[in-house]
2 protein chains.
Amino acid sequence: MRTLQVELGDRSYPIYIGSGLLNQIGDLSIKHGISVQSTHLIVTDEQVASHYLKKVENLMAEAGFKTVSHVVPSGESSKSLAVFEQVMTTAIQGKLDRSSAVFALGGGVVGDLAGFVAATYMRGVTFVQIPTTILAHDSSVGGKVAVNHPLAKNMIGAFHQPVMVLYDVDTLSTLPARDVSAGFSEMVKHGLILDKTFAYWCLEHASDLLALDKEKLAYGLERGCAIKAEVVSHDEREGGLRAILNLGHTIGHAIEAVGGYGRFLHGEAISIGMVGSAMLAESLGRGETLLHETKKMLRALNLPVVLPSDVSVDEIMDAMQHDKKFTEGRMVFIVPDEIGKVSIVKDVPVEAVRSVVEKLKEEEQQ
Amino acid sequence: MRTLQVELGDRSYPIYIGSGLLNQIGDLSIKHGISVQSTHLIVTDEQVASHYLKKVENLMAEAGFKTVSHVVPSGESSKSLAVFEQVMTTAIQGKLDRSSAVFALGGGVVGDLAGFVAATYMRGVTFVQIPTTILAHDSSVGGKVAVNHPLAKNMIGAFHQPVMVLYDVDTLSTLPARDVSAGFSEMVKHGLILDKTFAYWCLEHASDLLALDKEKLAYGLERGCAIKAEVVSHDEREGGLRAILNLGHTIGHAIEAVGGYGRFLHGEAISIGMVGSAMLAESLGRGETLLHETKKMLRALNLPVVLPSDVSVDEIMDAMQHDKKFTEGRMVFIVPDEIGKVSIVKDVPVEAVRSVVEKLKEEEQQ
């Protein structure tokens with residue numbers, strides 16, 4: 001078992017990564033002070049529930065914990081206020097109290113939704129994350145939780161740190177291939193923003209990663225989490241540095257919104273967004289090989305690097321207006337300087353962004 | 001102008017209390033760093049909007065601020081997730097960004113709703129409170145914000161401190177008599193829990209207060225806010241001491257819930273709840289005159305001290321099960337020791353509470 005500590009003062013917490021970890025959920029819950037008096041809530045989605053819910057419920061019961069479960073439909077559509085209210089209903093009917101905990105068993109959608117429930121149920125209760133996707137290595141660090149508004153993604157949320165993250169790499173074996181690839185998008189991103197060596201490690205071991213080699217996977221997840229934890233430790237509430245984690249996200253979120261949060265997986269949209277950021281860097285005269293190298297890394301992990309031709313540039317531009325990175329009328333972008341290094345560029349002209357989006361639609365030549 | 005500082009470390013903020021203060025909203029907003037670049041949101045209700053919305057909008061515009069407004073129906077029913085989502089829609093369509101502020105212009109309902117919007121819009125933006133009711137002297141201190149779940153009050157919320165509270169006592173002149181009385185309920189409570197002198201001051205000046213004498217009113221609001229601020233400074237997130245502010249609230253919230261959040265005003269329900277707490281104290285052998293004195297104070301301010309005979313004891317008891325003070329299966333009550341002093345009593349037998357609720361329904365004899 002690898003243990004990575006996320007340093008956030010009195011909100012610090014460990015991420016446990018390893019094979020067979022799910023079996024330790026009872027012991028780890030006791031270790032982290034989860035109450036055996038109160039009832040706790042397990043939130044998961046249909047897909048994950050079919051594989052692991054019964055197991056987690058039984059393990060918790062064996063360890064002496066009372067739980068109720070709420071299963072939401074799989075997919076981004078569950079990050080709505082309507083589903084949020086249904087989960088709250090289960091929590092209230094289950095008589096959860098202030099000493100209760102909410103367990104997120106699933107990927108980013110479940111983590112964000114359950115985390116926002118934990119952040120706001122009775123003004124905040126304990127939160128535990130049990131990621132079951134590769135992508136969730138990203139969302140399980142940093143405490144950002146949210147639901148979507150019909151007009152924009154992650155618009156309603158909070159900062160709420162878990163007390164522990166339990167990452168059992170065995171649960172990743174049941175992921176569909178498309179989710180596996182999409183999951184590596186944020187991992188590559190962590191290399192691209194801060195760690196050139198790790199970015200090229202991802203490229204070198206792309207086929208091992210896609211084959212879910214447990215050793216490589218555990219290392220990649222730990223390194224990805226560690227880079228994110230380092231950034232978040234310096235800037236918990238996104239006052240400055242933390243913004244670099246948004247590489248590819250401004251365009252990526254717009255792609256997701258225009259696709260109705262169903263057509264593109266988050267990791268796929270971010271992949272295209274990161275290509276866009278590299279194009280923006282090129283147009284600003286930074287690094288000649290940046291775009292080529294970025295595409296190579298993403299393609300090695302079977303990630304998309306072009307925007308399908310039927311996607312409307314106008315719709316993408318319009319969706320971007322609602323982005324949280326759009327502060328005080330200026331457009332803020334994270335732009336790579338080179339592989340492993342980015343900077344925050346304010347006052348990016350909207351026209352430069354439009355050119356990039358148009359270019360993302362062109363048939364790739366390289 | 002009286003200024004009271006609520007001490008909460010880097011979340012400290014001032015409460016300005018006085019006559020004609022609304023006219024200073026522009027200057028005070030500039031003083032507190034509200035951005036002239038971003039658009040801000042004013043949330044208010046129909047009743048308050050008819051008196052003050054145009055004025056506040058104009059004053060803000062004159063000071064160079066851009067605002068959008070959202071008017072919700074008056075009353076507790078606006079503290080719903082559905083109305084919350086509508087306010088969020090206005091915020092997004094108004095292109096509020098991370099440097100925006102949400103202004104709550106109104107009473108407790110507007111403050112709680114707008115505060116929860118401020119706490120969660122883009123994971124938290126600046127919050128400004130402009131209370132227009134007496135009751136709001138209570139909710140404007142301490143940063144508790146929330147909406148209701150159909151099954152229980154204030155179940156979905158956060159702790160989110162305002163950057164300033166602007167309390168113009170002139171706005172209280174348009175309050176209906178019933179709201180005036182209900183507003184003094186929390187003021188008396190602040191005396192009952194911590195300040196015997198202030199409790200008797202409220203009794204002595206009850207008729208001046210009901211007549212909205214500006215000097216007496218400003219003193220009463222300042223003292224009420226100060227007592228609450230003192231408690232909150234010691235325990236921002238209700239780990240211990242802060243619980244004493246819940247005097248009368250366990251029974252009171254149940255009364256509101258059973259009345260469908262429309263029949264009883266919050267202050268009225270709390271008034272009956274505080275009589276219940278005094279009865280509980282009596283049954284525990286505390287203070288002989290406590291119940292008599294408590295009733296005298298509340299009646300002097302035209303507050304109800306009995307539960308109407310058609311209210312079901314079973315329904316009240318059932319509603320109490322969902323209360324946040326019901327931790328790990330035990331029933332926690334704030335019970336007065338004497339006027340100006342209370343203690344937190346855990347493990348109160350449910351049957352003792354039922355007896356109190358039954359007694360609250362009996363025709364008063366004294």
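**Notes on the chain A–chain B pairing**

1. Turn chain B by 180 degrees, with a shift of 0.0 Å along the axis, and it lies on chain A with an RMSD of 0.0 Å. The two copies are therefore related as by a two-fold rotation axis. Keep in mind that this is a predicted model.

2. Which residue of chain B has the C-alpha nearest the axis? That would be B:Leu81, with its C-alpha 3.8 Å from the axis. Both copies use the same surface, too: of the contact residues of chain B, 100% recur in chain A.

3. On to the contact itself. The interface brings 41 residues of chain B into contact with 41 residues of chain A. About 3700 Å² is buried between the two chains, and carbon and sulfur atoms give 59% of that area.

4. Which elements of chain B give two or more residues to the side that touches chain A? They are helix 3 (81-93), helix 4 (108-120), strand 7 (144-149) and strand 8 (152-159). Helix 3 of chain B gives the most, with seven residues.

5. As for the make-up of that side of chain B, its residues split into 17 nonpolar, 13 polar and eleven charged.

Definitions and conventions
Residues numbered from 1 in each chain as written. Chains lettered and ligands numbered in written order. Predicted model: local features only at pLDDT ≥ 70, side-chain atom pairs only at ≥ 80, totals over all residues. Heavy atoms only, no water. Contact = heavy atoms within 4.5 Å. Buried area = accessible area lost by both parts, 1.4 Å probe. Helix = DSSP H or I, 4+ residues; strand = E, 2+ residues; numbered from the N terminus. Nonpolar A, V, L, I, M, F, W, Y, C, P; charged D, E, K, R; others polar. Least-squares fit on C-alpha atoms with pLDDT ≥ 70 in both.
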